[in-house]
Amino acid sequence: MKMTSPNREKRSKIRHGSVVVALLGVLILIGVLILRPTLENFFWRIWSQVAQVRMTLGDVANPFASKAALEKENTILQAELASTTALLADRNMLYQETLDLENRLSRNGSTKTILGVVLMRPPALPYDVFVIDVGSSNGVITNDLVSAGGTLFIGIVSQVYDTTSRVTLFSTPGETYAALLHSQNGTLTPISIEGQGGGSLVSKVPIGVAASVGDSVVLPTLSGGIMATVSAVVAPQDQSFETLYLQMPVNPFALQYVEVWKQ
Amino acid sequence: MSRSIGSLIALIILLVGLLLSFWPLAVLGLLFAAIQGRWVLAVCIGIFLDLLWGTPTGFFHFLLLPWTLCACVVVAFRHMLLGRIRLRMPDRL
């Protein structure tokens with residue numbers, strides 16, 4: 001009579017168990033991959049309601065914040081508002097002049113925008129993306145530009161669901177975009193910018209390009225639009241390229257509202 | 001720790017991570033469920049997080065379902081590790 005050792009039986013059971021678990025795992029993964037678009041659409045129909053309730057609860061909890069801290073924050077914000085009001089007036093005047101010029105040259109730069117509320121942002125999720133509460137039912141399509149307000153662009157729509165959309169920021173690590181460096185002497189230099197995460201970007205340009213701290217990086221389109229500003233220039237000696245460190249002019253992770261610009 | 005309490009703790013950690021908008025806590029819930037051996041719960045949490053957060057950006061874009069894969073890998077690793085321990089110390093387990 002053939003005797004099998006208990007260890008061999010155990011090993012065989014463990015091997016069979018591992019194969020079954022692995023096969024089940026693969027089947028589940030394939031199923032989710034195939035059904036992903038449908039699942040995500042359905043999921044976000046429900047989760048967008050949950051996210052909005054959560055935001056409302058967050059607003060309700062605000063009265064419990066320290067009164068002194070709120071008063072101090074109010075004073076600071078009033079001062080910032082006063083200084084930006086004058087800049088805004090100047091900007092509006094220049095923007096109107098630009099629109100007039102475009103109209104005269106038969107290139108109407110006016111664009112329809114859709115206001116969206118930011119439902120999720122880092123650190124709620126590990127990637128440099130936003131989820132906003134407007135989707136295909138509001139007319140949003142993939143690759144629409146997203147701004148923090150006015151012509152301050154922060155990213156593009158990367159995925160659209162029925163009632164929500166995903167916005168990939170320009171500063172998302174690994175993403176590269178073509179842009180124009182608007183130097184203070186008025187020259188426009190085509191550059192390529194790469195996201196570093198957290199609202200930071202980087203670009204390498206040849207030594208000799210007129211770049212300095214405070215220069216704007218704009219979109220290479222007719223309507224333009226600011227993407228970032230130069231925060232540091234590093235030009236090592238004996239190197240052919242200098243590195244421009246760029247920063248978005250607005251903290252994208254503090255935004256509550258964004259505008260989706262229709263193409 | 002009983003299995004149901006382990007599952008409950010994993011779900012609580014996940015929920016706290018979602019409420020506080022802090023993704024590492026949500027991932028900790030997934031890992032806790034996977035290490036406990038609750039593979040169905042771990043895979044479900046992984047699928048939920050992948051649907052919630054979407055495809056990764058940048059270099060890890062090719063992973064498509066990173067958190068589901070993470071749950072499967074941790075569960076498989078636990079299964080193999082326990083199998084080896086059982087073989088070496090059959091009397092203890």
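Predicted model: local features only at pLDDT ≥ 70, side-chain atom pairs only at ≥ 80, totals over all residues.
Me: How many bridges join strand β3 of chain A to strand β12 of chain A?
Reply: Residues are numbered from 1 along each chain as its sequence is written, and chains are lettered from A in the order in which they are written. Strands here are DSSP runs (E, at least two residues), and two of them pair if DSSP finds at least two bridges between them. Residues 145-147 form β3 and residues 257-261 form β12; the two strands run antiparallel, and the number of bridges is 3.

Me: Which residue in β12(A) is the bridge partner of Ser147(A)?
Reply: β3 and β12 of chain A sit side by side in a closed barrel of 6 strands with antiparallel pairing. In β12(A), the partner of Ser147(A) is Glu259(A).

Me: What is the area buried between chain B and chain A?
Reply: Contact (heavy atoms within 4.5 Å) involves 30 residues of chain B and 32 of chain A. Buried area is the accessible area (1.4 Å probe) lost by two parts on being put together, summed over both. Carbon and sulfur atoms give 71% of the total, which is about 2,900 Å².

Me: How many salt bridges does the rule find across the interface of chain B and chain A?
Reply: The rule looks for a side-chain nitrogen of Lys or Arg within 4 Å of a carboxyl oxygen of Asp or Glu. Across this interface, the number found is 0.

Conventions:
Heavy atoms only, no water. Helix = DSSP H or I, 4+ residues; strand = E, 2+ residues; numbered from the N terminus.
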